[in-house]
Structures are given as C-alpha cells and as structure tokens.
Amino acid sequence: MLRIMAYIHDMDLLRDLMELTRNETWIHMMALSTLPSGSDFIRPLSIDVLLLDCTKDQEAAIAFAATIRAERGVPIRIVYMLENRMTNTVQKIIAQDAKATIMYAPFSVSKMMMELMKNGVQKQGSLLYLNDEGTVSQLIQDMGIPVHLNGFRYIKTAVIFLLQRNDQKLLMHQLYKEIARIHMTTSSRVEKAIRDAIDYAYRFVPEQIQIQHRKPTNSQLIHLVYERMLQKQQETHEERKVLV
C-alpha cells in the first residue's frame with residue numbers, strides 16, 4: 001500500500017489525480033485543503049509520500065516541510081512541486097532534504113504519478129523493498145531499448161506497477177489498462193509501443209534482448225525485468241545484512 005497525502009492548488013489537477021487513483025487498491029490518496037500548523041495529524045496516518053505544491057504560499061509550504069522533516073517519527077518522502085528550476089529555494093530544499101524529489105511545472109497527472117511511484121516502499125514479511133526507478137530504467141536500457149521510445153516509458157511503468165502491487169499474475173490486458181491510465185493514453189497504444197520497442201532492440205542488438213534465442217513477447221520482457229529487479233532488491237538486502 002502506497003499512502004499519499006496531497007496538497008495541490010490546482011483543483012482540476014487534484015480532481016484528476018484523485019480520480020485516477022480512486023479504484024487502485026494499492027494506493028490510498030488523501031488531500032489537504034489547507035496547510036496545518038504542525039505534523040501531529042500525520043503520524044497516526046502512516047503517510048509514505050507528501051505531495052507538496054509550492055507554487056503559491058511558498059514560504060508556508062517550505063515551513064511545513066521543515067516541520068515534517070524535523071519529526072523523526074514521521075519517515076516521509078516529500079515531492080515538491082515548483083515553478084522554476086534552479087532557484088535559491090530549490091538549492092535550500094536540496095541542501096536540507098537529500099531524499100526530496102523535485103517536480104517542475106508544467107504539471108500533468110501522468111508526470112505526477114511517475115514521481116509518486118518512485119522509490120515506493122512496501123513491506124513483505126521482514127524484508128523492506130525499495131522500488132528504484134533508476135535501476136529499472138538501467139535494466140531496460142541494458143536490453144537495448146533506448147529511453148526516447150514510448151515503449152521504454154511504458155515498460156518502466158509496468159515493472160514499477162508490478163513491484164508496487166507485488167503481483168506478477170496480473171493479466172496483460174489489465175496491466176495495459178493501468179499503464180494507459182497513468183500515461184493518459186489507450187491500452188492498444190501501450191501494447192503497440194512496447195511491441196515496437198522490443199522490435200527495435202531485437203533488430204539492432206538481438207543478443208541483449210532475446211530470451212532462449214527468440215524475440216520476447218511483451219509479457220515475457222516485462223516479467224523478465226520484474227524478476228531481475230526482485231533479484232537486485234534481494235542482493236541489496238543481503239548486502240545490508242552483511243554490513244550490519
């Protein structure tokens with residue numbers, strides 16, 4: 001379960017985001033109408049991610065974020081929504097919160113969903129899994145699929161979605177539908193873009209993407225990346241156990 005608290009000024013954008021996540025059992029989305037004075041209300045809610053709009057009342061938003069960071073009992077990742085790229089405010093945020101995520105305008109629901117899904121933390125048994133988008137991206141690139149293809153983005157979203165759900169038994173037509181919702185497109189376009197990305201890699205670097213000396217299907221490729229990501233997570237967990 002990914003628990004998200006959102007404070008967004010644009011009501012249309014907030015409505016679309018809430019609508020997108022309404023039927024997702026693995027996401028629990030809550031919204032703030034105003035910034036509270038303290039963080040006491042957050043602790044019992046067990047929030048994973050705070051989506052914080054800093055485009056208006058910037059000082060109040062930054063002050064609220066500072067209050068959250070000061071609470072050691074509130075392990076929250078903050079996604080900051082900002083207008084400009086490198087300003088004094090951005091530099092200050094980066095200096096004070098190394099785990100912060102910066103998202104710049106213009107904003108869209110698909111862009112916000114990708115940021116919210118980054119580094120989502122989910123517990124399974126006694127293990128803590130970290131869904132590292134950068135690692136997923138590298139695994140896909142290692143198969144010869146370049147980042148400029150739409151299929152690259154859809155494959156990455158599919159793998160991250162499966163990791164968040166901890167469920168690889170989802171039927172492909174259901175997975176296409178979920179990816180399409182996140183990227184505001186259609187299931188058929190998602191399926192075709194992933195197929196085209198596989199064709200591209202198989203044409204230029206077949207040895208990097210083939211499975212049992214054959215071109216993989218969409219399902220085979222997505223689940224292969226998923227399995228490799230699980231393996232990397234397990235290796236990371238084992239390394240941490242050794243260090244401890």
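**Exercise 1. Describe the surroundings of Leu 52 in this predicted model.**

Solution. Step 1: list the contacts. When neighbours within four places in sequence are left aside, Leu 52 touches Tyr 7, Leu 35, Ala 61, Phe 64, Ala 65, Ile 78, Val 79, Tyr 80 and Met 81.

Step 1: Leu 52 belongs to strand S3, which spans residues 49-53.

Step 2: decide whether Leu 52 is buried or exposed. Its relative accessible area is 0%. Buried means under 20%, so Leu 52 is buried.

Step 3: Ile 62 stands 10 residues from Leu 52 along the chain, and their C-alpha atoms are 8.9 Å apart.

**Exercise 2. Work out how helices H7 and H8 are packed.**

Solution. Two packed helices are described by the angle between their axes and the distance between the axes.

Step 1: read both values. H7 covers residues 172-183 and H8 covers residues 187-204. Their axes are 8 Å apart, at an angle of about 105°.

Step 2: classify the angle. Values of 65 to 115 degrees count as roughly perpendicular, and H7 and H8 are therefore roughly perpendicular to each other.

Step 3: name the residues that meet. From H7 these are Tyr 176, Lys 177, Ile 179 and Ala 180, and from H8 they are Ser 187, Val 190, Glu 191 and Ile 194. By class, this contact has five nonpolar, one polar and two charged residues.

**Exercise 3. Find the aromatic pair and describe its geometry.**

Solution. Step 1: identify the pair. The structure holds one aromatic pair, formed by Tyr 200 and Phe 204.

Step 1: read the geometry. The ring centres are 4.8 Å apart and the planes make an angle of 50°, a tilted arrangement.

Step 2: locate the two residues. Both are in helix H8, four residues apart, which is about one turn of the helix.

Step 3: check accessibility. Tyr 200 has a relative accessible area of 28% and is partly exposed, whereas Phe 204, with 52%, is exposed.

**Exercise 4. Examine the backbone at Pro 106, Asp 57 and Met 184.**

Solution. Most residues other than glycine have a negative phi, and most peptide bonds are trans.

Step 1: take Pro 106. The peptide bond between Ala 105 and Pro 106 is cis, with omega about 5°. Pro 106 is in the loop between strand S5 (101-104) and helix H4 (109-117).

Step 2: take Asp 57. Its phi is positive, about 50°, although Asp 57 is not a glycine. Asp 57 lies in the loop between S3 and helix H2 (58-70), and counts as exposed at 52% relative accessibility.

Step 3: take Met 184. This residue, also other than glycine, has a positive phi near 55°. Met 184 is in the loop between H7 and H8 and, at 58% relative accessibility, counts as exposed.

Definitions and conventions. Residues numbered from 1 in each chain as written. Predicted model: local features only at pLDDT ≥ 70, side-chain atom pairs only at ≥ 80, totals over all residues. Heavy atoms only, no water. Helix = DSSP H or I, 4+ residues; strand = E, 2+ residues; numbered from the N terminus. Buried < 20%, exposed > 50% of the residue type's maximum accessible area, 1.4 Å probe, protein only. Contact = heavy atoms within 4.5 Å. Axes fitted to C-alpha atoms, helices over the stretch in contact; angles between N-to-C directions. Parallel < 35°, antiparallel > 145°, perpendicular 65-115°, else oblique. Nonpolar A, V, L, I, M, F, W, Y, C, P; charged D, E, K, R; others polar. Phe/Tyr/Trp six-rings, centres within 6.5 Å; stacked < 30°, edge-to-face > 60°.
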